[in-house]
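The following questions and answers examine one protein chain step by step. Please study the sequence and the structure before reading on.

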Amino acid sequence: MNSLPDVGVIRIDHVGVAVPDLDEAIAFYENTFGLRCAHQEVNEEQGVREAMLTAGDDGARIQLLAPLRPDSTIAGFLDRKGPGLQQLAYTVRDVEAASAALRARGLRLLYDEPRRGTAGSRINFVHPKDAGGVLVELVEPFCQPAGETS
């Protein structure tokens, strides 16, 4: 029997895509795939300008991330790999509990404490070397998704 704490994943939250020009990328996704830009913001702490795009009402989104400055993580990603998929994010009930549950499984997280993410969410990341080469983001929304309770 598994005695490890539950991670509390609710759903896939979004897929992050690193882009050099946010406005150009938004136009591409809207004009090519018919996605709708639902939210934009600047996150100075992470050094990004970002947009969340949706295809419908299922909750899963595409997050476009463009660097604000050359020393941001996204700028480094673009320098190393070019534009493309950067992360997979899961909505979790409680980011601190999810982080503790993953640490109990031997995974490394990038932050000791959650940080501010998009739209007031609280976030942390699983190190890609511990997740099959994928940067996994844990997202606790500012408000729980409709129909979900803590």
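Q: Is S121 buried or exposed?
A: The model is a predicted one, in which local features need pLDDT of at least 70 and side-chain atom pairs count only at pLDDT 80 or more, while totals for chains, interfaces and linings use all residues. Residues are numbered from 1 along each chain as its sequence is written, and side-chain values use heavy atoms, with hydrogens and water left out. Buried means under 20% relative accessible area, exposed over 50% and partly exposed in between, with a 1.4 Å probe and protein chains only. The relative accessible area of S121 is 5%, so S121 is buried.

Q: Where is S121 found, and which residues does it touch?
A: Helices (H or I, at least four residues) and strands (E, at least two) are DSSP runs, numbered from the N terminus. In these terms, S121 is found in the loop between β6 (115-116) and β7 (122-126). Contact means heavy atoms within 4.5 Å. Not counting residues up to four places away in sequence, S121 touches R115, R116, V139, E140, P141 and F142.

Q: How many helices and strands does the protein chain have, and in what order do they run?
A: The secondary structure comes to 3 helices and 8 strands. From the N terminus on, the order of the elements is β-α-β-β-β-α-β-α-β-β-β.

Q: What is the radius of gyration of the protein chain?
A: The radius of gyration is taken over C-alpha atoms, and the globule rule is 2.2 Å times the number of residues to the power 0.38. For 150 residues that rule gives 15 Å, and the chain comes close to this, so it is as compact as a globular protein of that length. The radius of gyration of the protein chain is 15 Å.

Q: What percentage of the residues of the protein chain count as buried?
A: The C-alpha trace spans about 50 × 35 × 25 Å along its principal axes. Of the 150 residues in the protein chain, the share that count as buried is 39%.

Q: Which residues is L64 in contact with?
A: In soluble globular proteins, nonpolar side chains tend to be buried together. L64 is one of the residues of the largest nonpolar core. Leaving aside neighbours within four places in sequence, L64 is in contact with V17, V19, L22, A25, I26, Y29, R49, E50, A51 and L53.

Q: How many residues does the second, separate core have?
A: This core includes V92, V95, A98 and V136. The number of residues in the second core is 10.

Q: How far apart in space are R116 and E45, C-alpha to C-alpha?
A: R116 is found in strand β6, and its relative accessible area of 36% makes it partly exposed. Leaving aside neighbours within four places in sequence, its contacts include E41, V42, N43 and E45. R116 and E45 are 71 residues apart in sequence, whereas their distance in space, C-alpha to C-alpha, is 8.5 Å.

Q: What is the phi of A119?
A: Most residues other than glycine have a negative phi, and most peptide bonds are trans. A119 has its place in the loop between β6 and β7, and is partly exposed, with a relative accessible area of 45%. Although A119 is not a glycine, its phi is positive, at about 55 degrees.

Q: Which residues does G117 touch?
A: G117 lies in the loop between β6 and β7. Its relative accessibility is 2%, so G117 counts as buried. Not counting residues up to four places away in sequence, G117 touches E41, N43 and I123.

Q: How far apart are the C-alpha atoms of P114 and V95?
A: P114 has its place in the loop between α3 (95-104) and β6, and at 21% relative accessibility counts as partly exposed. Among the residues in contact with P114, leaving aside neighbours within four places in sequence, are V95 and E96. P114 and V95 are 19 residues apart along the chain, and the separation of their C-alpha atoms is 7.0 Å.

Note on methods: A nonpolar core is a set of buried Ala, Val, Leu, Ile, Met, Phe, Trp, Tyr and Cys residues joined through side-chain atoms within 4.5 Å.
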